[in-house]
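Biologist: I am new to this structure and would like to learn how to read its charged pairs and its surface. Could you take me through them slowly?

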Amino acid sequence: MAAFMLSRRTAVLCRTLKGISASKTVLPANSQCGLLLQTASYNPRPLRLNIRDPYIPDKDSEKTPEWQKTAKYDRKLFGRYGSASGIDPASLWPSHKELDKIIAEENEWHPPLEVMLKNIAIKEKAETEKRLAKEKLIAANMAKMPKMVADWRRQKREAKLKLKEEKARRTKLLAEARERFGYAVDPRSPKFLEMVAEIEKEEKKKKKLLKRRLKEEQAAGVVQPPPTSS
């Protein structure tokens, strides 16, 4: 019974393999079963390390690659073969320069706990100072906010008033030009520009005379002696 079940399962497995390899060259069923049994019974031998006669490169030979002449490769050979490699373990230790470099890298990437805590404290202090300075600046700006708003509103009123005055002055100049020339004048025409320049010149002259008169009156008031009492 057991033999019958085993042969039946073997036949089913052979048919399955035959279906999978249908695109390949069809082999006989006995050959496929023999290949399957050979694969299942394959037991590779473990790789043996040749310690008695290891490969030690000749560093004096020109045929030896440069990477086999390095200290890194010597460490690899000593780690693999030990004393059989013929390498002095003392030569595998880093030099003073390399040791200083290793220590510097460890201090940079893996600092002691005290240094880490000190760096954290310095970082937290800097962040706190930055936050306090920002809060102080915000508080100062908030204290200036009412004055800034008042100044903005004043500037806005002054700009609006100035625009209104310029518009009124422009209208007055156009009316005066119409009265002088007898027709509407283009504000971009040379005649209008010349008239405006003449009017501005006269206004400056009047302001200058008024300023001089006020100055003379103030000087006369200061020089004038007080009235005598009877």
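Modeller: Let us begin with one residue as a landmark, bearing in mind that the model is predicted: Met148 lies in helix α5.

Biologist: Turning to charges, how many salt bridges does a search of the whole structure find?

Modeller: The search finds 8 salt bridges, and a pair is counted when a side-chain nitrogen of Lys or Arg comes within 4 Å of a carboxyl oxygen of Asp or Glu. One of them is between Asp151 and Arg154, whose closest N and O atoms are 3.8 Å apart.

Biologist: Why are Asp151 and Arg154 separated by about one helical turn?

Modeller: Both sit in helix α5, which covers residues 113-181, and because they are 3 residues apart there, about one helical turn separates them. Asp151 is partly exposed at 22% relative accessible area, and Arg154 is likewise partly exposed, at 35%.

Biologist: Which other residue does Arg154 pair with in a salt bridge?

Modeller: Arg154 also forms a salt bridge with Glu158, with 3.2 Å between the closest N and O atoms. These two residues are 4 residues apart in helix α5, again about one turn of the helix, and Glu158 is partly exposed with a relative accessible area of 43%. Through shared partners, salt bridges join Lys147, Asp151, Arg154 and Glu158 into one network.

Biologist: What about a salt bridge that involves a loop?

Modeller: For that, consider Asp74 and Lys59, whose side chains meet in a salt bridge with an N to O distance of 2.4 Å. Asp74 lies in helix α3, residues 71-81, while Lys59 is in the loop between α2, residues 29-40, and α3, so the pair ties together parts that are 15 residues apart in sequence.

Biologist: Are Asp74 and Lys59 buried, partly exposed or exposed?

Modeller: Asp74 is buried, with a relative accessible area of 11%, whereas Lys59 is partly exposed, with a value of 37%.

How values were computed: Residues are numbered from 1 along each chain as its sequence is written. This is a predicted model: local features need pLDDT of at least 70, side-chain atom pairs count only at pLDDT 80 or more; totals for chains, interfaces and linings use all residues. Side-chain values use heavy atoms; hydrogens and water are left out. Buried means under 20% relative accessible area, exposed over 50%, partly exposed in between (1.4 Å probe, protein chains only).
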